[in-house]
Each structure stands twice: as C-alpha cells, then as structure tokens.
Amino acid sequence: MTNADGTPADDPTDRYQAREAVTLNLYNSADDLAGFCWRAYFELSVSNTRCASGTWGDVGPDHHNATITVAPSAWPVSTLHVVAYDTAGNPSPLDTVSLSTTKSDFVYAPGRNPGTGLARQDLPGDVNGDGYADIVATDKDGKLRLYAGDGTGGHSAAQFIGTSGWGDALIAHRGDLTGFTNAGAAPDGYEDYAVRLADNKLYIYGGNGRGEPVHDTRHELVHPPSLDDAPDWRRIRQLTLPGDIDKNTTEGHAGGNDLITIECVDDACTDAALWLYTGNTIGGAQDQTEPFDLNNRVRISPSGWKDLTVLAVGDQSDDGVQDLLVRTPDSGMLYLYPGELTKGVLSLGPRSGYGAADWQNRPHLASPGNVQGTVVTATYEDPDAGTNITYRQFQPTPGETWGDLWSTTPADSDYTVNYVDDTGAAKATTCPNGCLLFYPGGPTTHGSPRLVGASGWDTTVTNIF
C-alpha cells in the first residue's frame, strides 16, 4: 500500500491527520484481479463471499491497482485491513497496514483558543467533527441515519451510519465517553452514544469521529440489582446525555458527562420518575469502564414523568446551570424547568411556559444545545514561541446563543404546518409524510419555526435524537 506519490503508507515518520481524507493505492500482483476489499480498524471477514464486511474498490485499467480514499480517525495509529479478490471470487491472505496519525483537529468552543488550552474533544451535539450540531434518526427499516447540521438549523442529506437493529432504540449523544478502537480505550475526543436497544440492554457506543457508532467495541452497562426489581433497563422511557449538568466536583466525578433518564416505577409503568446518573471520571476524563455511577442515582423528580419528553437544551437563563425543556402531550405545552444546584445536588425550579399549545402535534423532539453559528478559521499568536497557530472555532450567530430544538410534524394531509421563511414571512403548508421544523431558542420562549425538512419525517423517520 502506498500514498498517491508512491511512498509507503506505513512509514511511521509520515503521519496522517486524524479524520483528514487521504488517497491510497492498493496493489496486488495477480493477473486476474477483480478488486480489493478494505476495512478500517477492525478485521475483515475473509471468505468466498466477496467483501461481506468491508468496502469494495474495483481494480484499475492495469488490473493490479486500485485507488481508495480513507479518513483514518483513530490515533496515534489507524489500522487498515485489505483483501484482494480475483475474478473467480477467491480472496488473498489478509493484509494489515498501520497508518501513523496525529490527533484530530478539534473545533474550539466560543471564546476559546490555543491560548486558553487545547481543544480536546468535539463540541456538544457534533458527532462528525465539523463543528456543527447534528441530527441522528432511526427509520422504519431499523437503520440509523445522520443528518449533518449546517449551523443554521438545516442539515445535509441523510447518511446511513447504522444498517440494522436500531428499531425502537432510545438514543442519546453528547460528550466523549470512551474510545472506539477497543473496549478499554480511553476517551478519544469524539462524541459517543448511549443506546437502550429493543432487547432492553443499555450500551455505550464509541463514535468514530465521523458520526458512526461503532458496534464492534460497544460496552454494555449492566443493570444493577440494587436499583429496582427489574432484570434489565426495560423501564427506561427516555434517556438524555446533558453533559456535566450536575457540576459534581467530588473525586472521581469532576467534569464527568452525566445521564438523565425517565424510568417507570414498575413494569406496567403506572408512573415514572426523572433520574440523574452522575458521570464517573479517571484522571479528568470519563471512566470508559463505568462511565456513570449507576448504583447511586439521584431522583430529580419523583413522579408524573411517564408521558413527558425531556430535552437538555442548555443554559437558557445564563445562570451557569443547565435547564430542561419538557413537552407535555396532554396540554400540548412546552415548559422550561430551570436547573438549580444546591450543595452540589441538581434540582428543578418552578416551570414556566416556553411554547404555546399544539406541541402534542410534534411526534418527535430533539435538542443538541446551540445550533446556530459559523465555524471560522483564525490565527493565534503564541507569545512564548513567537509563532502563529491556525485553529478552527465555532462562533454563535449574534443574538442566537441559546439552546435550539428540532421537531417533526405528523403525517397528516389535513394538518396545517405554519412556519416562517428565511425572510421572516409567514408561510403554511401540509406535510402528508411529516416535516421537520427548526425552532431557534431564547431565554424565555422559542422563536418562530423554520421548515428544514419537507417529507418523510413521520413515515420514513421513526425518531430523532
């Protein structure tokens, strides 16, 4: 395997930037070559079923070479596994090449730069590392989709990041919980996933830095018998990753990303409570073995949460404590619950109305925090070294610094969807297959919705996260 210029790809002195695309040349001397199958990080299944678990590349006109594009995201080494197949479907021996990499170029948070410390992880809500918060969705075929955010509330076309098994999954993503290359890998800076699957098991999936939750190294969080009399996580109705919402500064918890759940009080779900599992840390990073303190959960609210939808929208009141948005389907209202910290314990203050009625006609809601802004390239002059450092930074849109939210509309040709266009003019439409609306956030209420998805958001898409 070589670079485009013919130099060896596995030269340890030639280091690739993690997540940056690189063109590589694959070669095999066989005269009847059909192409190559390759896979990053994890071994290929080598069999006569051509490329059952990898990515295929046809051989070029010379019948010996193929050119592929790879974006290695593991560091300091990304492995690439390659198998050649002849025209009869016979595989060559497995070849493994180690690509030396440097750490990913993370986007700095607003107000941060190399002078305030290195950027060590992706921004909240950003699963693909471009600096913009993203939408993750499940679909009717049990697949997982990524709609990459663009900084305006809009998104790119769907990218499939999970091919099967995601039906009825409950998903949350915010924060770096683990490394994706192996089950014991330390956090790598990429946003990860907490997932309760349909079999009622709870997993942490390491994100690979390009949006994909990695199945090979997922880590199960076993339900502690001390919690309740349930044998697994069947009583979870919703889970949310809010980041470090409880600001727990005790040893082994400082800076840890937390988990919030709505959990039924019994299998029949006659009622449900709101719970907080504080994050566990080791050496200032999330404990990849036990990311949350599952045995010492804190009850934020004891009852009445069975049918509510909770969004960890961010700090809407600018008091330094994150707040929650809660949708009540019976009244069709959206409420803001201010977060309060008393002696290190998170509680919720008196709620206030945040959105007018009709929220019962929003099947699915999601908030990654602040969505609106631009990733800019800037230069920092290092006063000690006397050199300039180029870095990327997310700059919020002026006047749009609060947490935002997305919602879907029902698949109903008789239901009128009201929104505003880019000029602020009022518009109306119908969405027979469901639409996606973006709501700019504010300190006490949200702004007028904008239409950012025109079809399939309640027929093809089954949930958004």
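Rings of Phe, Tyr and Trp (its six-membered ring) pair if their centres lie within 6.5 Å; planes under 30 degrees apart count as stacked, over 60 as edge-to-face and the rest as tilted. Searching the whole structure on that basis turns up 14 aromatic pairs. One of them joins Tyr41 and Phe42 edge-to-face, at 6.2 Å centre to centre with 70° between the planes. Tyr41 counts as buried at 14% relative accessibility, and Phe42 is buried too, at 12%; buried means under 20% relative accessible area, with exposed over 50% and partly exposed in between (1.4 Å probe, protein chains only).

A quick word on the model: it's a predicted one, where local features need pLDDT of at least 70 and side-chain atom pairs count only at pLDDT 80 or more, while totals for chains, interfaces and linings use all residues. Residues are numbered from 1 along each chain as its sequence is written, and side-chain values use heavy atoms, leaving out hydrogens and water.

Back to the rings. Trp305 and Tyr337 have ring centres 5.8 Å apart and planes at 50°, so this pair is tilted. Trp305 sits in the loop between strands E21 (298–301) and E22 (309–314) and Tyr337 in strand E24 (residues 333–337), so the pair ties together parts 32 residues apart in sequence. Strands here are DSSP runs (E, at least two residues), numbered from the N terminus. Both Trp305 and Tyr337 are buried. Elsewhere, ring pairs link Tyr41, Phe42, Phe106, Phe180 and Tyr190 into a cluster.

Rings also meet charges: the charged end of Arg50 sits over the ring of Trp56, 3.7 Å from its centre (CZ of Arg or NZ of Lys within 6 Å of the ring centre and within 35 degrees of the ring normal).

Conventions:
Helix = DSSP H or I, 4+ residues; strand = E, 2+ residues; numbered from the N terminus.
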